[in-house]
Amino acid sequence: MALILLSFFIVFLLPPSNAQGDPPSPGYYPSSRVASLGFNQGFRTLWGPQNQRVDQGSLTIWLDRSSGSGFKSLNRYRSGYFGAAVKLQPGYTAGVITSFYLSNNEDYPGYHDEIDIEFLGTTTDKPYTLQTNVYMRGSGDGNIVGREMKFHLWFDPTKDFHDYAILWSPNEIIFFVDDVPIRRYPRKSDATFPLRPMWVYGSIWDASSWATEEGKYKADYQYQPFVGRYNNFKLGGCTTNGAATCRPISASPAGPSGLSSQQYAAMAWIQRNYKVYDYCADPSRDHTHTPEC
């Protein structure tokens, strides 16, 4: 009987042995199929040039009382794999957003599409939150319908550079961290999927009104400058002026869309252990606006 009870305790009551460790291997590494670029090979300064520095292809941007900073790709894309290695600022960063994203807001002001990776700043006693988001034909003016999924990370993103990427194909959007898929957003209808060409952006800026615990904690400029560091840029995309036959790389060895069973297992592990918010599971949301849920 004692042995049976011990077995029950181990199997059902103890957390998974690797819950605090690294995720299972995805078995496939799409970043290896896209060449690395220096900043000037694929991007230009968009705003805040005084708060930006390029050194041997690596980029440092920072936020202080005077300004933040942003950058933009040289080309516009119809689809592709887009990534960068990012290292975040330690300590108090509440209210500060460090980002890497796709958007066509300059082409369709007030009616644009966006695919986001955003690092939500935090207080000294809590980890960063990585927010992924997808939306269509929105302006951020209060009528936006966000499709947020948020995660904590299984490592300290302030200690070293880690790779973050978006794969946007005509069939799906997949978010990767160090080549591990953390979220897959399939195209279920044209109305719930961004289809218009987008540019690639990155920025650091003050989002005190909402970034940290719904705006409870604000940016505190006694801790300035708030710094974001980027390198190992990846732009494996189909440009709008490129060949019509261009197709983005596959997210997996399984085919042009979807993930392998090993990748799905790794993603399930991440979502089970590190997902902290899913818009589809939020009872306060009006899900008539998000039929894909």
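**Close-up views of a predicted model**

**View 1. The second largest pocket and its lining.** Met149, Arg183, Arg184, Tyr185, Pro186, Lys188, Asp278, Tyr279, Cys280, Glu292 and Cys293 line the second largest pocket. A pocket here is an open set of points on a 1 Å grid over the protein atoms alone, where a 1.4 Å probe fits, with protein on both sides within 12 Å along at least five of seven lines; lining residues have an atom within 4 Å of a point. Its space comes to about 170 Å³. Strand β12 (residues 180–186) contributes most to this lining, with four residues. This is a predicted model, in which local features need pLDDT of at least 70 and side-chain atom pairs pLDDT 80 or more, while totals for chains, interfaces and linings use all residues. Residues are numbered from 1 along each chain, and side-chain values use heavy atoms, without hydrogens and water.

**View 2. The largest pocket.** Now to a pocket with a volume of about 1000 Å³. Among its 39 lining residues, Glu118, Leu120, Gln131, Glu148 and Trp210 are the closest to its centre. The largest share of the lining, five residues, is supplied by β7.

View 3. Ser208 sits in the loop between β13 and β14 (226–239). Ser208 is buried, with a relative accessible area of 12% (buried means under 20%, with a 1.4 Å probe and protein chains only). The side chain of Ser208 meets that of Asp206 in a polar contact of 2.6 Å (a pair of N or O atoms within 3.5 Å, one able to donate a hydrogen and the other to accept it). The Ser208 side chain also reaches the backbone nitrogen of Ala219 at 2.9 Å.

Technical notes
Points joined across faces, edges and corners; volume = space filled by probe spheres on them. Helix = DSSP H or I, 4+ residues; strand = E, 2+ residues; numbered from the N terminus. Buried < 20%, exposed > 50% of the residue type's maximum accessible area, 1.4 Å probe, protein only.
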